[in-house]
Amino acid sequence: MGIRVLVLDMARVNALNKVIAILIAGTTGGMLKILGGILYGSNTLFVDALTSIANMIALLMVIWSKRVTTIPPDSDHHFGHERFEYIGILVMIVTYGFVAGISITRLYYVREYSVELDAFYLAVAAILVYSIAIFLSRSAPPSIRAYGAFTISEVLEGVVSIIASLGGALYSYLIDYGGAVLLTSYIFYEIYEEGRNLASFMADEAPPLSIYEKVVGIVESEGFSIKSIRLRTIVPGKYHGDIVLSPGSTRYESLKNLKKKLGENGVDVCIEVSSP
């Protein structure tokens with residue numbers, strides 16, 4: 001028993017160390033971009049740095065919300081805490097809206113400027129640091145692995161920063177300015193996408209048709225037929241609702257087995273049998 005506890009403790013320590021390393025790598029990458037934007041005149045790097053800050057805030061929210069979602073149901077949350085995951089979406093929208101405002105203000109009042117070649121070097125260094133964060137996140141806890149995929153967007157933005165800052169230093173500031181406009185436009189795209197996800201949740205939309213088809217298939221495989229069904233999405237992969245079955249076999253064991261199979265597929269429903 002003592003060995004098992006020691007192994008678990010070591011696993012937690014290793015996971016925590018990886019999270020800390022990812023945070024350090026992400027913060028370092030963001031600082032390099034900020035330096036390139038402020039000290040060496042690259043507006044593209046400046047906007048890219050703002051998105052990096054937004055992503056780091058998103059990472060912290062992912063860590064927090066994932067921890068909360070594992071809390072069992074209680075007197076205030078009868079169906080569990082899974083929906084706390086959506087709080088991260090709201091925070092992300094607010095954060096991206098804030099950095100988008102800063103970006104527009106900077107770009108609106110900009111005049112002809114010069115970009116130093118050092119901005120290009122810092123852009124390259126930043127993308128290398130973010131590559132380390134992505135590599136570490138792949139072997140990190142599940143909640144952090146999602147950040148690895150999320151941070152890939154940082155690499156793509158980093159590529160834009162490299163090209164734009166180099167073009168701005170060697171040819172014209174307009175190339176760098178164009179890169180900044182492109183990244184700012186991407187911020188608004190992210191706001192739109194996340195806003196649509198949040199709106200879908202707030203509107204309490206029904207699950208995809210494929211979920212209904214799976215539920216119907218399970219019910220019919222157990223020898224029942226559905227008279228009516230209502231489902232709602234708690235979070236993707238977890239659904240709640242009620243099913244009214246047509247008169248037929250109402251043996252307790254049959255209904256118990258049906259509820260168990262539905263539960264194994266993430267569907268928690270109240271089952272009723274209509275009167276003949």
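How many salt bridges does the structure hold? There are five salt bridges, a salt bridge being a side-chain nitrogen of Lys or Arg within 4 Å of a carboxyl oxygen of Asp or Glu. The model is predicted, so that local features need pLDDT of at least 70 and side-chain atom pairs count only at pLDDT 80 or more, while totals for chains, interfaces and linings use all residues. Residues are numbered from 1 along each chain as its sequence is written, and side-chain values use heavy atoms, with hydrogens and water left out.

| Pair | N to O distance |
|---|---|
| K33 and D48 | 3.2 Å |
| R196 and E193 | 3.0 Å |
| K261 and E222 | 2.7 Å |

The salt bridge of K33 and D48 ties together parts that are 15 residues apart in sequence, because K33 lies in helix α1 (residues 2-38) and D48 in helix α2 (residues 43-69); helices (H or I, at least four residues) and strands (E, at least two) are DSSP runs, numbered from the N terminus. Both K33 and D48 are buried, where buried means under 20% relative accessible area, exposed over 50%, and partly exposed in between (1.4 Å probe, protein chains only).

R196 and E193 both belong to helix α6 (residues 173-202), three residues apart, about one turn of the helix. R196 is partly exposed at 46% relative accessible area, whereas E193, at 18%, counts as buried.

K261 and E222 form a salt bridge that ties together parts 39 residues apart in sequence, since K261 lies in helix α8 (residues 252-264) and E222 in the loop between α7 (209-221) and β1 (226-235). K261 is partly exposed at 33% relative accessibility, and E222 is partly exposed at 22%.
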